[in-house]
Amino acid sequence: MSRHALILAAMWAGVISLDFTACGPFMVSQPLVCGPLFGWLMGQTAVGVIIGGIVQLLWMDLSPVGVSIPYDATATTVLAVYWATLPAHSALSQVVLALILAVPFGFLFRWLDQLARRINTLLMHGVERFPDERLSWGLWLGIIGGILWSWIRYSMAYGLVFALGQLAWNRFAYSPRLTPLDQGLTMAIILLPVAGMGVTLELFLSEEPERRWSPWRSGKTMRKDDSDL
């Protein structure tokens, strides 16, 4: 993909990610929405539907509520779609590989969001210094400046990760055909939605679905209860 196309993709990815913590939510950042949307922008809508559907099932319950910043499933979706659409016609095994490569970056973008909140706090402290008669202007400047800053940092982060992933993808020239690796990754495209349905059912049927992300806590609680006895 050309440098111009990479920059354009990073800018659109930054716009989509604004909905996650900066401006919204309008649900555009949900994987089931941003996956097909970004896939359409990349010229392969079907790839976006597949990746967005899988990520949505696996991370159904993630939303930035209050001060919490969850795992960034939006970044995972956008990155996976970009890398999976580098070939003109992606095989299912390549789609799964792109998704595997993108998953760790959900934690990186979460850390970037946490860092951005600290910077936004400093910006709001600057707004507080405005005199009362100009406070409304200060608020508007703070809001617009915060949104613009969020878009710039998202676009820059996506552009850098897009480029690094593209270099790795081109270096390895991954194109297995009828190999055990290819067969295993192709089978994963079937098993991942099944696993996602299990996660979704647990979310709706469990009384404490958030505990599925920290199974060690249950064991820790049980040990504490046993010690109390």
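Mentor: Let's start with a term: a nonpolar core is a set of buried Ala, Val, Leu, Ile, Met, Phe, Trp, Tyr and Cys residues joined through side-chain atoms within 4.5 Å. Buried means under 20% relative accessible area, exposed means over 50%, and partly exposed is in between (1.4 Å probe, protein chains only). One heads-up: this is a predicted model, where local features need pLDDT of at least 70 and side-chain atom pairs count only at pLDDT 80 or more, while totals for chains, interfaces and linings use all residues. Residues are numbered from 1 along each chain as its sequence is written, and side-chain values use heavy atoms, with hydrogens and water left out.

Trainee: Okay, which residues have the most contacts inside the largest nonpolar core?

Mentor: Phe38, Ile51, Tyr158 and Phe162, in a core of 42 residues. Helix 1 (3-21), helix 2, helix 3, helix 4, helix 5, helix 7 and helix 8 (180-205) each give it two or more residues. The largest share, nine residues, comes from helix 4.

Trainee: What makes a stretch of chain count as a helix here?

Mentor: Helices (H or I, at least four residues) and strands (E, at least two) are DSSP runs, numbered from the N terminus. By that rule the protein has nine helices and zero strands.

Trainee: Why is Phe38 called buried?

Mentor: Its relative accessibility is 0%, and the cut-off is under 20%, so Phe38 qualifies. Phe162 is buried too, with a relative accessible area of 0%.

Trainee: What makes the rings of Phe38 and Phe162 a stacked pair?

Mentor: Rings of Phe, Tyr and Trp (its six-membered ring) pair if their centres lie within 6.5 Å; planes under 30 degrees apart count as stacked, over 60 as edge-to-face and the rest as tilted. The structure holds eight such aromatic pairs. For Phe38 and Phe162 the centres are 6.2 Å apart and the planes are at 25 degrees, so the pair is stacked. The pair links distant parts of the chain: Phe38 is in helix 2 (residues 31-41) and Phe162 in helix 7 (residues 135-172), 124 residues apart.

Trainee: How do you know that Trp59 and Tyr71 are stacked?

Mentor: Their ring centres are 4.9 Å apart and their planes are at 20 degrees, so this pair is stacked. Trp59 and Tyr71 both lie in the loop between helix 3 and helix 4, so the pair ties together parts that are 12 residues apart in sequence. Trp59, at 13%, and Tyr71, at 7%, are buried.

Trainee: Which residues touch Phe162 from beyond four places away in sequence?

Mentor: Contact means heavy atoms within 4.5 Å. Among the residues in contact with Phe162 are Leu6, Ala9, Phe38, Val78 and Trp83. Phe162 also belongs to an aromatic cluster with Phe38, Tyr82, Phe109, Tyr154 and Tyr158.

Trainee: What makes Arg153 lie over the face of Tyr154?

Mentor: A charge sits over a ring if NZ of Lys or CZ of Arg is within 6 Å of the ring centre and within 35 degrees of the ring normal. Arg153 lies over the face of Tyr154, at 4.4 Å from the ring centre.

Trainee: Why do you say helix 3 is largely enclosed?

Mentor: Count its residues: 10 of the 14 are buried, so helix 3 is largely enclosed by the rest of the structure. Val47, Ile51, Ile54 and Leu58 are among them. Eight of the 11 residues of helix 5 are buried, so helix 5 is largely enclosed too; these include Val95, Val96 and Leu99.

Trainee: How do you know that the length of helix 3 is close to what's expected?

Mentor: The expected span of a helix is 1.5 Å times one less than its number of residues. Helix 3 (residues 45-58) reaches 20 Å from its first C-alpha to its last, close to the 20 Å expected.

Trainee: What about Thr85: buried or exposed?

Mentor: Buried, at 5%. Thr85 sits in the loop between helix 4 (73-84) and helix 5 (92-102). Setting aside residues up to four places away, Thr85 touches Met42, Gln44, Val47 and Ser90.
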